[in-house]
Amino acid sequence: MTDLPDLYQELIVDHNRNPRNFRVPADANRTAEGDNPLCGDRIKLFLRVQDGRIADAAFQGSGCAISKASASMMTQAVQGKTEDEAERLFKAFHAMVTAPVTNPAEAAALGKLAAFGGVRAFPARVKCANLPWHTLRAALQAPGDRVSTE
Ligand code: ZN
C-alpha cells in the first residue's frame with residue numbers, strides 16, 4: 001500500500017473508515033452477494049433499478065480496507081447511471097486494475113476510481129478491489145446470484 005500516491009491512499013482510508021451508502025435500502029429491487037474467500041471479504045449489494053437506471057446503490061458486508069473502500073466508491077460512481085453505463089464502468093475498472101489506463105475518455109469516466117489503479121502492484125488485492133464490481137454485475141445480470149472471486 002505504501003506505493004500508492006498519498007492522495008489515492010487517503011481516499012481509500014477515508015472510504016474505509018466512513019463507507020458511503022453502507023445501509024440496507026427498503027426499496028431495493030436487485031441484490032447480489034459477493035465473496036472473496038482468499039481475503040475474507042463479503043459484500044451484499046442492493047440496487048434500485050428504475051427505467052433502466054440505477055436510482056440507488058448501497059451495500060453491507062465486511063472485509064479489508066480495499067474491498068470496503070471499493071464498494072463505497074462504486075456505489076457512489078454508479079448512482080444515476082444506466083445499466084449500460086454501469087457495465088462500461090465495470091469493464092473500465094476491471095481493465096484499470098490489470099493495466100494502466102491509456103484511453104483519456106476511460107480515465108475521465110473512472111475519475112476518483114483511479115485510486116484503485118495502485119492495486120495493480122499487489123495481485124492479491126486486485127480481487128478485493130474487483131469484488132464489489134463483480135457483485136454489481138451479478139445484481140444487474142443475474143439478480144439474487146452469489147459470486148465468488150475463486
Ligand atoms: Zn480484501
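Trainee: Leaving aside its neighbours within four places in sequence, which residues is E85 in contact with?

Mentor: Two residues, R53 and G80, once the neighbours within four places in sequence are set aside. Keep in mind that this is a predicted model.

Trainee: Where does E85 lie?

Mentor: E85 is part of helix α3.

Trainee: And is E85 exposed or partly exposed?

Mentor: Its relative accessible area is 31%, so E85 is partly exposed. That value falls between the 20% cut-off for buried and the 50% cut-off for exposed.

Trainee: How far apart in space are E85 and D51?

Mentor: Their C-alpha atoms are 14 Å apart, and in sequence the two residues are 34 apart.

Trainee: Staying with D51, where is its place?

Mentor: D51 sits in the loop between β2 and β3. With 81% relative accessibility, D51 counts as exposed.

Trainee: What is the phi of D51?

Mentor: About 50 degrees, which is positive, and D51 is not a glycine. As background, most residues other than glycine have a negative phi. N21 is another case, with a positive phi of about 60 degrees, and it is not a glycine either.

Trainee: Which loop does N21 lie in?

Mentor: The one between α1 and β1, where β1 covers residues 30-36. N21 has 17% relative accessibility, so it counts as buried, whereas D51 counts as exposed.

Trainee: Back to α3. What about D84, is it buried or exposed?

Mentor: D84 is in helix α3, and its relative accessible area of 56% makes it exposed. The C-alpha atoms of D84 and G52 are separated by 8.6 Å, although the two are 32 residues apart along the chain.

Trainee: New topic. How many helices and strands are there in the protein?

Mentor: Five helices and four strands. Starting at the N terminus, the order of elements is α-β-β-β-α-α-α-α-β. The radius of gyration is 14 Å, close to the 15 Å from the globule rule for 150 residues, so the protein is as compact as a globular protein of that length.

Trainee: What box do the C-alpha atoms fill?

Mentor: Roughly 40 × 35 × 30 Å along the principal axes. Of the 150 residues, 41% are buried.

Trainee: And of the contacts with a separation of 6 or more, how many come from residues 24 or more positions apart?

Mentor: They account for 61% of those contacts. G118 lies in the loop between α4 (104-110) and α5, and at 22% relative accessibility it counts as partly exposed.

Trainee: How many residues has the largest nonpolar core?

Mentor: It has 40, and those with the most contacts inside it are L47, V78, F93, F116, W133 and L136. At least two residues each come from α1, β2 (41-50), β3 (53-62), α2 (65-78), α3 (83-96) and α5 (123-141). The most come from α5, which gives nine. As a general point, nonpolar side chains in soluble globular proteins tend to be buried together.

Trainee: Pick F93. What does it touch, not counting residues up to four places away in sequence?

Mentor: F93 touches S70, L110, L113, F116, A129, N130 and W133. Two of these, F116 and W133, also belong to the residues with the most contacts inside the core.

Trainee: Last topic. At what angle do α1 and α2 pack?

Mentor: At about 85 degrees, with 8 Å between their axes. An angle from 65 to 115 degrees counts as roughly perpendicular, and α1 and α2 are therefore roughly perpendicular to each other.

Trainee: Which residues meet there?

Mentor: From α1, they are L11, I12, H15 and N16, and from α2, they are A65, I66, K68, A69, S72, M73 and Q76. By class, six residues are nonpolar, four are polar and one is charged.

Trainee: Is H15 buried or exposed?

Mentor: H15 has 2% relative accessibility, so it counts as buried. H15 is found in α1, which spans residues 6-17. Apart from neighbours within four places in sequence, H15 is in contact with R20, A69, S72, M73 and Q76.

Notes:
Residues are numbered from 1 along each chain as its sequence is written. This is a predicted model: local features need pLDDT of at least 70, side-chain atom pairs count only at pLDDT 80 or more; totals for chains, interfaces and linings use all residues. Side-chain values use heavy atoms; hydrogens and water are left out. Buried means under 20% relative accessible area, exposed over 50%, partly exposed in between (1.4 Å probe, protein chains only). Contact means heavy atoms within 4.5 Å. A nonpolar core is a set of buried Ala, Val, Leu, Ile, Met, Phe, Trp, Tyr and Cys residues joined through side-chain atoms within 4.5 Å. Axes are lines fitted to C-alpha atoms, for helices over the stretch in contact, and angles run from 0 to 180 degrees between N-to-C directions. Angles under 35 degrees count as roughly parallel, over 145 as roughly antiparallel, 65 to 115 as roughly perpendicular and the rest as oblique. Ala, Val, Leu, Ile, Met, Phe, Trp, Tyr, Cys and Pro count as nonpolar, Asp, Glu, Lys and Arg as charged, and the others, Gly among them, as polar. The radius of gyration is taken over C-alpha atoms; the globule rule is 2.2 Å times the number of residues to the power 0.38.
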